[in-house]
Amino acid sequence: MDFRSELVGSFSEGSNGNPTIAMIEAAFAHHGMNWRYVNCEVPPDQLEAAVKGALAMGWRGFNLSIPHKVAVIPLLDGLGESAEMMGAVNCVVIRDGRMIGENTDGMGFLTSLRQVVDPQGKRIVMFGAGGAARAIGVELALAGAAAITVVNRSAARGAPLVDLLNRKTATRCTLAIWQAGHRLPEATDIVVNATSVGLGNGDQPLDIATDSLTERMVVADVIVDPPDTRFLRDARARGCRVIDGLGMLINQGVIGVKLWTGLEADAGVMRRRLEQIFKA
Ligand code: NDP
């Protein structure tokens, strides 16, 4: 018998709304691992103490969510390539007392996308320019996307993202300020909703001309709750292949578990647990 579990977890505010614990603990149980994931409510002024506490207690790593993804960086010993480029960390790995920050949000999206299409050489339209869009944009560009058009309401967030991608990657990026009924160019291969439109409201439409969606396009949404968004239903009705936000969430969990434990977790077990929760 071994009465001491290996510990990982999450530090965020609003932690009671974060379902990550459910899918990761389902994976640990399925694989018979003596590991636990602890979901912690941590206010900004306690982040440093929480990080030092995790190190002191021999935690193997932790996730970070709102509002800690940027603030944690000065507390770490190093960053992975995409975390460095994004300037945001959502997953820390502790090895031999050193804390390395990674960003698995975009990698999770990419893994989910690649199950349907490889973004290399593709023309992409991405709605949104917040944290999720930043992570996805960087990974799509690093994966060799030919062109990304970022469509956002405000230039305040859109312009710095486009500038980052043009400076640091070989992908051609342009900003389009979102006008009502935005039309997708015919040559678009992949369309991504990386805004919060649809969160908590499965009937909220994305403000686009749905007749500009064609069956040559792969359409992905980041929204998890509910996973079957109005945008995805509209895209499916136009003959597009669609990818829901659960894929991104599950795959960033799979990548986190692999980084912490070395284990390739069963993504199907994690999806079934989330589908139970969201009744997809
Ligand atoms: P942010 O607050 O950083 O960014 C929100 C983005 O949505 C901005 O680009 C904002 O535009 C845009 N937006 C918000 N409301 C509207 C609207 N009514 N019309 C048009 N654009 C709008 O949020 P995040 O990027 O962190 O998160 C976005 C979504 O992604 C959330 O729903 C989150 O739950 C989801 N997510 C899913 C993950 C997964 O694993 N599936 C992982 C991470 C996030 P503007 O700049 O003009 O305000």
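Me: Which residues come nearest to the ligand?
Reply: This is a predicted model, and in it Ala-129, Ala-132, Asn-152, Arg-153 and Val-222 come nearest, out of 22 residues around the ligand.

Me: What does the polar side-chain atom of Asn-152 lie 2.8 Å from?
Reply: An oxygen atom of the ligand. Arg-157 also has a polar side-chain atom 3.0 Å from a ligand oxygen.

Me: And Gly-131, what part of that residue lies 3.0 Å from a ligand oxygen?
Reply: A backbone N or O atom of Gly-131.

Me: OK, switching to helices. How do α8 and α9 pack?
Reply: α8 covers residues 245-261 and α9 covers residues 267-278; their axes are 10 Å apart, at an angle of about 135°. The two are therefore oblique to each other, and α8 passes α9 in a right-handed crossing.

Me: Which residues meet there?
Reply: From α8, Leu-246, Gly-247, Leu-249, Ile-250, Gly-253 and Val-254; from α9, Ala-267, Met-270, Arg-271, Leu-274, Glu-275 and Phe-278. By class, that contact has 8 nonpolar, 2 polar and 2 charged residues.

Me: What about α1 and α9, at what angle do they cross?
Reply: Roughly 135°, with the axes of α1 (residues 20-30) and α9 coming within 8 Å. That crossing is right-handed.

Me: Who makes the contact on each side?
Reply: Ala-22, Met-23, Ile-24, Ala-26, Ala-27 and His-30 of α1, with Val-269, Met-270, Arg-273, Leu-274 and Ile-277 of α9.

Methods:
Residues are numbered from 1 along each chain as its sequence is written. This is a predicted model: local features need pLDDT of at least 70, side-chain atom pairs count only at pLDDT 80 or more; totals for chains, interfaces and linings use all residues. Side-chain values use heavy atoms; hydrogens and water are left out. Axes are lines fitted to C-alpha atoms, for helices over the stretch in contact, and angles run from 0 to 180 degrees between N-to-C directions. Helices (H or I, at least four residues) and strands (E, at least two) are DSSP runs, numbered from the N terminus. Angles under 35 degrees count as roughly parallel, over 145 as roughly antiparallel, 65 to 115 as roughly perpendicular and the rest as oblique. A crossing is left-handed if the near helix is turned anticlockwise from the far one by less than a right angle, and right-handed if clockwise. Contact means heavy atoms within 4.5 Å. Ala, Val, Leu, Ile, Met, Phe, Trp, Tyr, Cys and Pro count as nonpolar, Asp, Glu, Lys and Arg as charged, and the others, Gly among them, as polar. A residue is near a molecule or strand if one of its heavy atoms lies within 4 Å of it. A polar contact is a pair of N or O atoms within 3.5 Å; within protein, one must be able to donate a hydrogen and the other to accept it, and residues adjacent in sequence count only if both atoms are side-chain atoms.
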